[in-house]
Amino acid sequence: MKYQCGIIRDLMPLYHDNVCSEESRGAVDEHLSECSECAEYYGNLSDSRTELVIPEREQQKAASFKAVSRRFRHGREIAVMLAVALAAVVFVGAIIITVAIMSRTMQTVKYEDENITVTKQQNGDLVCRLNDTGWNSYHIKNVHVNSGGDEKLYSFVRADVSVWGALIAKKGTFSEFTVAYGSGSGYEGACTADYIDRVYYYTGDMHGIETLPPEELAEVIENSVLLWEK
C-alpha cells in the first residue's frame, strides 16, 4: 500500500525512536527505499534527533550525579555531626569517670610549713586545723606512754583527703576537726582533752599503734610531728 510523503514524514520521529508499530515501520521502510527525497529528509531528521537526544541524556546524567552528590554530602554532614556528638559524649563520660575515681581515691594530707596546727579552745576542746585543704576522713589514736616513770597520754592524728578534693582546694581556706573535747563541752571520759599531754601528727599506719612495744612506739614518735603539748 502506497502512502503519501506527508504521512511517512509524520511517522519518521516514531520510526526513528523505534516506538511505532511493525506495520508503520514496514510502510516507512518501503517508502524510504523508493523516495530519495524522504530518505534525505529522514537522514537530516536522524542527525537533528541525535543532537537533541545526546544533550538530554547528558543533562539527565548530570542531574542524577548532582542528586547523588547532594545525598552523599548530606550523609557526610550527618556522619560528621554524629562523630562530633559521640566524641563529646565520650569526653564528658571520661571526665565524669575520672572525677569519680579521683573522688574515691584517698591520700594523706602531708605536714608542710606548719599547714597543720592544734589549738586548745576556750571550752577546752583540742581542735586540729588544716590550712589550704579539706579532709574526707581523719583518724585519732590515744596511746598511754610511760615517760620517765610518769604515765602520759599521747594523741596521734592523721587526715585523709581525696585526690579530687586536694586538686580543687583553694589557698586561704581551711578545715577543722576536734581531736578531743574539753570539760567545758560537757563531755566526760578518760580521753577528754584535759587528760591529753601531747598531740602528734602521724602519716603512717595507725592500726594497732596503741599496743606497740616501747621501742617501736618510740620510732613512731620520732617519725611524727608534735602539734600540741600541755
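## A nonpolar patch on the surface

Phe 91, Val 92, Ile 95 and Ile 96 together form a nonpolar surface patch with about 390 Å² of accessible area, where a patch joins nonpolar side chains within 5 Å, taken from residues with over 30% relative accessible area and no salt bridge. Phe 91 lies in helix α3, which covers residues 36-104, and Phe 91 counts as exposed because its relative accessibility is 55%, the cut-off for exposed being over 50%.

## How to read the model

The model is predicted, and local features need pLDDT of at least 70, while side-chain atom pairs count only at pLDDT 80 or more and totals for chains, interfaces and linings use all residues. Residues are numbered from 1 along each chain as its sequence is written, and side-chain values use heavy atoms, with hydrogens and water left out.

## An open sheet

Three strands, in the order β2-β3-β6, make up an open sheet with antiparallel pairing, and two strands pair if DSSP finds at least two bridges between them. Its edge strands, β2 (116-120) and β6 (174-180), each pair on one side only. On average, neighbouring strands of the sheet are turned by 25° against each other, direction ignored.

Strand β3, residues 126-131, is joined to β6 over six bridges in the antiparallel sense, and Asn 131 stands opposite Phe 174 in β6.

## The largest nonpolar core

The largest nonpolar core has 19 residues, of which Leu 126 and Val 199 touch the most other members; such a core is a set of buried (under 20% relative accessible area) Ala, Val, Leu, Ile, Met, Phe, Trp, Tyr and Cys residues joined through side-chain atoms within 4.5 Å. Strand β5 supplies four residues, the largest share of this core.

Technical notes:
Patches are made of residues with over 30% relative accessible area and no salt bridge: like charges are joined within 9 Å, nonpolar side chains (Val, Leu, Ile, Met, Phe, Trp, Tyr) within 5 Å. Accessible areas come from the Shrake-Rupley method with a 1.4 Å probe; for residues, only the protein chains shown count as cover. A salt bridge is a side-chain nitrogen of Lys or Arg within 4 Å of a carboxyl oxygen of Asp or Glu. Helices (H or I, at least four residues) and strands (E, at least two) are DSSP runs, numbered from the N terminus. Buried means under 20% relative accessible area, exposed over 50%, partly exposed in between (1.4 Å probe, protein chains only). Axes are lines fitted to C-alpha atoms, for helices over the stretch in contact, and angles run from 0 to 180 degrees between N-to-C directions.
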